[in-house]
Amino acid sequence: MLPHLRLCRIGLFLFTALLTRLPVGLAAETERPNIVLVMADDMGWGQTGYYNHPVLKTPNLDAMAANGLRFDRFYAGGPVCSPTRATVLTGRTHERTGVMTHGYALRRQEPTIAQGLAKAGYATGHFGKWHLNGLRGPGVPVLEDDPHSPGEFGFQEWLSVTNFFDRDPILSRQGEFEEFAGDSSEIVVDEALKFIHKNAKAKKPFFTVIWYGTPHSPWRAAKDDAAQFDDLERNSKEHYGELVAMDRSIGTLRAGLKDAGIAENTLFWFCSDNGGLPRITPDTVGGLRGNKGSLYEGGLRVPGIVEWPAQITKARVTKVPACTMDIAPTLVDIVGLPSDTLLPTLDGISLKPMFEGTVLSRPQPIGFRYRDGSALTEGDYKILALPNKKKTRYALYNLKDDMKETQDLQASEPKVFADLKSKLDKWNASVDRSMAGKDYPEGRVDPSHPEPRYWIDLKAYQAYFDAWADRPEYKSWIQRARKKK
Ligand SMILES: [Ca+2]
């Protein structure tokens, strides 16, 4: 048995402190918070100023961390992008939701937190990369009648693109295509702020989701943003330049919330969708093992910060593991949504007690699955089960002593290994049941659920080939599609 469950008992001192603060707490409880979820695309754990990155400065993320709760062990639900996006919206590990890897559509049978919040009277908006509609290839504007658009999953307003996007993108405003100029992060933040200000003025609580296209390839930064990285090779220079703009847009967003007078009771949650990229220098993952696509820490561990001045009144850093599956259950708890808002088989837990500072450890493990491999972390330990030819190769690491996962402890700590292996087996069996559709009222997966496709194969997008033939992000794809015909 692992010593993982240690709830901190609130002492008399803390209790008194809470009582004296009651009026503030009560007000915050009766006034539902605004919610802003912001996610980077491929930003690694090491790529922040607060972890002393050797070349990148992130003054705005640093300020956010210095005013909120910083997670030092925050995990993306999957080691690549669509999977993690599915976990954010459902509170479930991605294979339960049908999102096996990038470019898979989220099953329409999955209830989302956006639907729950919309039903409870929140204004809901999605801005940026979507990648839950089953389309592969560089991001194109989402079609109005796409059965897997953000609108179909609870977002009343959306300005969205199917996948990664860069400078001067075309985005889709609920099906209307609009061309923009400038850095992609700054564009989506400016548009999200219009939505935020409109709802703040109307005194309507809002749920704003901003999913950046940065620092995913292609890497094209503004000259001024990239200039400070002149010593780096081209890709790294542009990659880091994009992160400078992204961090600036975080500053714009925080200032925008303050200007609207709503920063105090807005829960602002920042994270990345998977670990950092290889072949970028300096290192993106802060020395962890593995990169995007891996179940080692470098593929899963990402920056994570929650700022919510009304509830998180004292800045804190926590080493308690948390993950993107926790986001939806936390919001259900905080807003007081009905218990059937999400499916009952969840992988995430509410982190609300953590915001209140009363939790010192996580009451249940976190599991991960990707491409025939799986992993599970509980407390300081992590077990991995990775495919090795036709067998499974296991490993056990103590992340507290060995953050880089170099010392396999399965022989020296057989009890811990056996305990975690049995928990991993049980969790894997549960995910298998969900994959087969057993969590749905119908007891099976809707047979019309699509397989991933490339957008160049869709007639609706082929109509734009002439108009888009010279755009740098689509040029080679359109040429290839025309050759195939
Ligand atoms: Ca990504």
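Helices and strands, as the words are used on this tour, are DSSP runs, helices of at least four residues and strands of at least two, and both are numbered from the N terminus. The model in your viewer is a predicted one.

**The whole chain**

If you turn the model along its principal axes, the C-alpha atoms fill a box of roughly 70 × 60 × 55 Å. Buried residues make up 50% of the 485 residues, and, among the contacts with a separation of 6 or more, 67% are between residues 24 or more positions apart.

Next, colour the chain by its domain assignment, which gives domain 1 as 33-364, domain 2 as 367-435 and domain 3 as 453-484. Between domain 2 and domain 3, the C-alpha centres lie 42 Å apart.

Now select residues 81-90, which are helix 4. Is this helix buried or exposed? A residue counts as buried if 20 or more other C-beta atoms lie within 10 Å of its own, and 10 of the 10 residues of helix 4 are buried, so the helix is largely enclosed by the rest of the structure. Among these buried residues are Cys81, Pro83, Arg85 and Leu89. Just after helix 4 comes Gly91, where phi is positive at about 75°.

**Helix 8**

Move on to residues 234-259, helix 8, whose 26 residues reach 38 Å from the first C-alpha to the last, close to the 38 Å expected at 1.5 Å a residue. Select Gly261 as well, which follows helix 8 and has a positive phi, near 75°.

Go now to domain 2, residues 367-435, and look for an open sheet of 4 strands, which run in the order 13-14-15-16 with antiparallel pairing. Strand 13 (366-370) and strand 16 (391-398) are the edge strands, and each of them pairs on one side only. From one strand to the next, the twist averages 15°.

Within this sheet, select strand 15 (residues 381-388) together with strand 16, and follow the 8 bridges over which they pair in the antiparallel sense. Leu384 has Ala395 of strand 16 as its bridge partner, while the bridge partner of Ile383 is Leu396, also in strand 16. At the end of the pair, strand 15 and strand 16 form a hairpin with 2 residues between them, and in the turn you will find Lys389, with a positive phi of about 55°.

Which helix packs on the sheet? Select residues 414-435, helix 12, which touches strand 13, strand 14 (373-378), strand 15 and strand 16, and whose direction makes about 125° with that of strand 14.

**The last stop: Ser448**

Finally, select Ser448, in the loop between helix 12 and strand 17 (453-454). Residues with 12 or fewer other C-beta atoms within 10 Å count as exposed, and Ser448 has 7, so Ser448 is exposed. Draw a distance from Ser448 back to Pro83: these residues are 365 apart along the chain, and their C-alpha atoms are separated by 20 Å. Pro83 is one of the buried residues of helix 4, whereas Ser448 is exposed.

Technical notes:
Residues numbered from 1 in each chain as written. Predicted model: local features only at pLDDT ≥ 70, side-chain atom pairs only at ≥ 80, totals over all residues. Pairing = 2+ DSSP bridges. Axes fitted to C-alpha atoms, helices over the stretch in contact; angles between N-to-C directions. Contact = placed C-beta atoms within 7 Å. Domains from an automatic or database assignment. Expected span 1.5 Å × (residues − 1).
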